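Please keep the sequence and the model open while reading.

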Amino acid sequence: GLTPDELVERVRLPEPLASLPYLQEYYGTVEWSVRSIYTGYLGWFDGNPTHLHPLSPKARADKKTALMGGRTNVLKAAREACQAKEYQWCLELCDQLLDGDGDDREAALLKADALTSIAGYETSANGRHYYLSCAKELRG
């Protein structure tokens, strides 16, 4: 009865396994495996009826951005998050702006900076290289 996000918060390798050198998260991660298993067995639907026919990403982003006081406020919050090393929050705020306007250059460059920073913390080579590749693409 748990959602993928709830499962990711709870599932951990037991300490005897987590400490084994050959089970370190250098390639994939436990989080990614949990999501994959969930999707493989249960499909894309997480049980929340709101997700059966969601708003388009643009419509959702436009409504949330307006609720948050507009683009300037969201971009300011994203910059503050990046400066506070809250890179995931920065990425999510930038995505909100980019979902509303895919040509928002300031949001794209800020997202690229956050991706580069978060890559420094990623132990999975796949994750780190994906962060860096996406940052390079955003910078053009």
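Asp 113 and Arg 139 form a salt bridge, with their closest N and O atoms 2.9 Å apart; a salt bridge here is a side-chain nitrogen of Lys or Arg within 4 Å of a carboxyl oxygen of Asp or Glu. This pair links distant parts of the chain, since Asp 113 lies in helix α7 and Arg 139 in helix α8 (residues 125–139), 26 residues apart. Helices are DSSP runs of H or I with at least four residues, strands are runs of E with at least two, and the numbering starts from the N terminus. Asp 113 is partly exposed because its relative accessible area is 39%, and Arg 139 counts as partly exposed at 36%. The cut-offs are under 20% relative accessible area for buried and over 50% for exposed, with partly exposed in between (1.4 Å probe, protein chains only).

The model is predicted: local features need pLDDT of at least 70, side-chain atom pairs count only at pLDDT 80 or more, and totals for chains, interfaces and linings use all residues. Residues are numbered from 1 along each chain as its sequence is written, and side-chain values use heavy atoms, leaving out hydrogens and water.

How many salt bridges does a search of the whole structure find? The search finds nine. Arg 35 takes part in a salt bridge with Asp 5, where the closest N and O atoms are 2.9 Å apart. Here too the pair links distant parts of the chain: Arg 35 is in helix α3 and Asp 5 in helix α1 (residues 4–10), 30 residues apart. Arg 35 also meets Glu 31 in a salt bridge, at 3.4 Å from N to O. Arg 35 and Glu 31 are four residues apart in helix α3, so about one helical turn separates them. Each of these side chains belongs to a partly exposed residue: Arg 35 has a relative accessibility of 29%, Asp 5 has a relative accessible area of 46%, and Glu 31 stands at 36%.

Helix α3 itself covers residues 30–42. Its 13 residues should span 18 Å at 1.5 Å a residue, and its end C-alpha atoms are 18 Å apart, so the two values agree. The expected span is 1.5 Å times one less than the number of residues. Just after α3, Gly 43 has a positive phi of about 85 degrees.

Leu 23 counts as partly exposed because its relative accessibility is 35%. Together with Leu 13, Leu 17 and Tyr 22, Leu 23 makes a nonpolar surface patch of about 380 Å². Patches are made of residues with over 30% relative accessible area and no salt bridge, joining like charges within 9 Å and nonpolar side chains (Val, Leu, Ile, Met, Phe, Trp, Tyr) within 5 Å. Accessible areas come from the Shrake-Rupley method with a 1.4 Å probe, and for residues only the protein chains shown count as cover.

Lys 85 is in the loop between α5 and α6, and its relative accessible area of 57% is why Lys 85 is classed as exposed.

Helix α6 (residues 87–100) follows. Its 14 residues reach 20 Å from the first C-alpha to the last, close to the 20 Å expected at 1.5 Å a residue. The buried residues in α6 include Tyr 87, Leu 91, Leu 93, Leu 97 and Gly 100. What covers the buried residues of α6 includes α4 (57–67), α5 (71–83) and α7 (105–119). Gln 96 is in helix α6 and is buried, because its relative accessible area is 12%. Its neighbours within four places in sequence aside, Gln 96 is in contact (heavy atoms within 4.5 Å) with Ala 61, Lys 64, Thr 65, Met 68 and Val 74.

The cysteines come last. A disulfide is a covalent bond between the sulfur atoms of two cysteines. With a cut-off of 2.5 Å between cysteine sulfur atoms, the structure holds zero disulfides. Cys 82 is in no disulfide, the nearest cysteine sulfur being that of Cys 90, 4.3 Å away. Cys 94 is likewise in no disulfide, and its nearest cysteine sulfur, also that of Cys 90, is 4.0 Å away. Cys 82 counts as buried because its relative accessibility is 15%, and Cys 94 counts as buried at 0%.
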